[in-house]
Amino acid sequence: MADSQKKLTIIKPDDWHLHLRDHNALRTTVPFACRGFGRGIIMPNLVPPVVTVDLAIKYKQRILANIPDSSSWSPLMVLFLTDLTSPEEIYKAHDSKAIFGAKLYPAGATTNSETGVTDLRKLTKTFEAMEEVGMVLQIHGESTEKGVDIFDREPVFIEKTLKPLVEKFPELKISLEHITTLDSVEYIMNQSDTVYGSITPQHLLFNRNDMLVGGIRPHLFCLPILKRERHQQSLIKAATSGNKKFFLGTDSAPHSKDKKENACGCAGCYSHLSAIELYAEIFDQLNSLDQLENFASKNGPDFYGLPYNDSFITLKKHKWTIPSSIKYMDTTLVPLGADMQLNWQLVQ
Ligand code: DOR
Ligand code: ZN
């Protein structure tokens, strides 16, 4: 078949980790979040964070108001855990049917996480409640211990925090979010069926040399930070293998151009202009397009205990170029892979 006629149809994917921000930003971020996806797990690191069910439901209303009429996409809300999150809030979240997880940010680990968790022991009863109702704990897995090198924060977190947590709560469903290292891949593969991991397009497509050799590229700066090539290769292998423990989570995280191209630039890559195509690019390079549906559309719902989407998307082999920037409120946003040529395009 001629390349230009090549098509790939898969069950509609979901994005199990994304940032939409709030208010005016939603006019841009929500329509792009709907592009090619059926559902999205909405990160709660707003200012102030989404720490209660009531706040999550109000935030959901603001998101729903920005979904294009033609879209059937739905936002799956998440609670932001603090030292004070009570078991009662977990039961309320479960009963609400609107909340699909609680996010553990070690305090200060990343953007807007200052009021995150300082001591896991304070949440023993809360994690027990999550185990009881089967709620997913989404973890930003980086150590915030003083002196730990930024490139080692993920493996140190696994050793010192995650392993004891999994031992203490063996039934707790855990998604280690946006994994970046071979250590995480191996850890997840060797765990029982409660521990899964999501993988972003930036960690599949790039490594720290792409970010730092020949000049610093602030639009590739995200947290956890890009690692060396050996780790990138292990993520590619995990994602394209079809292993059910790994699924799609873009961590698409908008910051305006001026906040990225800055003496103290913000962490986050905005990938929603071309998210599914960026993944397709990698799977195609590895001759693994037959595994894209497992990674993007099946492994995530299986872990969350949700049905697959009942519609499909089609990607066609067609060269196109990711825009250099888009308008974002009264400023601009530079997407992940700006000006990069892609070989696959979503048929809208
Ligand atoms: O790069 C990141 N950006 N990592 C995170 O964990 C948070 C996110 C954001 O909210 O901008
Ligand atoms: Zn994130």
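Predicted model: local features only at pLDDT ≥ 70, side-chain atom pairs only at ≥ 80, totals over all residues.
Helix 1 (residues 26-33) contributes a set of buried residues, namely L26, T28, T29, V30 and A33. The packing partners of these buried residues are strand 2 (15-18), helix 2 (53-64) and strand 11 (326-328).

A search of the whole structure identifies eleven aromatic pairs. One of the pairs joins F127 and F169 in an edge-to-face arrangement, with a centre-to-centre distance of 5.4 Å and 70 degrees between the planes. Because F127 lies in helix 4 (residues 124-133) and F169 in the loop between helix 5 (153-168) and strand 7 (174-176), the pair ties together parts that are 42 residues apart in sequence. F127 and F169 are both buried. Elsewhere, a single aromatic cluster is formed by W16, Y196, F247, F303 and Y304.

Charged side chains also meet aromatic rings. F303, a member of the aromatic cluster, has the charged end of K173 over its ring, 5.4 Å from the ring centre. In a further arrangement of this kind, the charged end of R208 sits over the ring of F151, at 4.6 Å from its centre.

The final feature concerns the packing of two helices. Two packed helices are described by the angle between their axes and the distance between the axes. For helix 6 (residues 182-190) and helix 9 (residues 229-240), the axes come within 8 Å and cross at roughly 35 degrees. On the side of helix 6, the contact involves L182, D183 and V185, which meet R230, H231, S234, L235 and A238 of helix 9. Classified by residue type, the contact of helix 6 with helix 9 comprises four nonpolar, two polar and two charged residues.

Conventions
Residues numbered from 1 in each chain as written. Chains lettered and ligands numbered in written order. Heavy atoms only, no water. Phe/Tyr/Trp six-rings, centres within 6.5 Å; stacked < 30°, edge-to-face > 60°. Helix = DSSP H or I, 4+ residues; strand = E, 2+ residues; numbered from the N terminus. Buried < 20%, exposed > 50% of the residue type's maximum accessible area, 1.4 Å probe, protein only. Lys NZ or Arg CZ within 6 Å of the ring centre and 35° of its normal. Contact = heavy atoms within 4.5 Å. Axes fitted to C-alpha atoms, helices over the stretch in contact; angles between N-to-C directions. Nonpolar A, V, L, I, M, F, W, Y, C, P; charged D, E, K, R; others polar.
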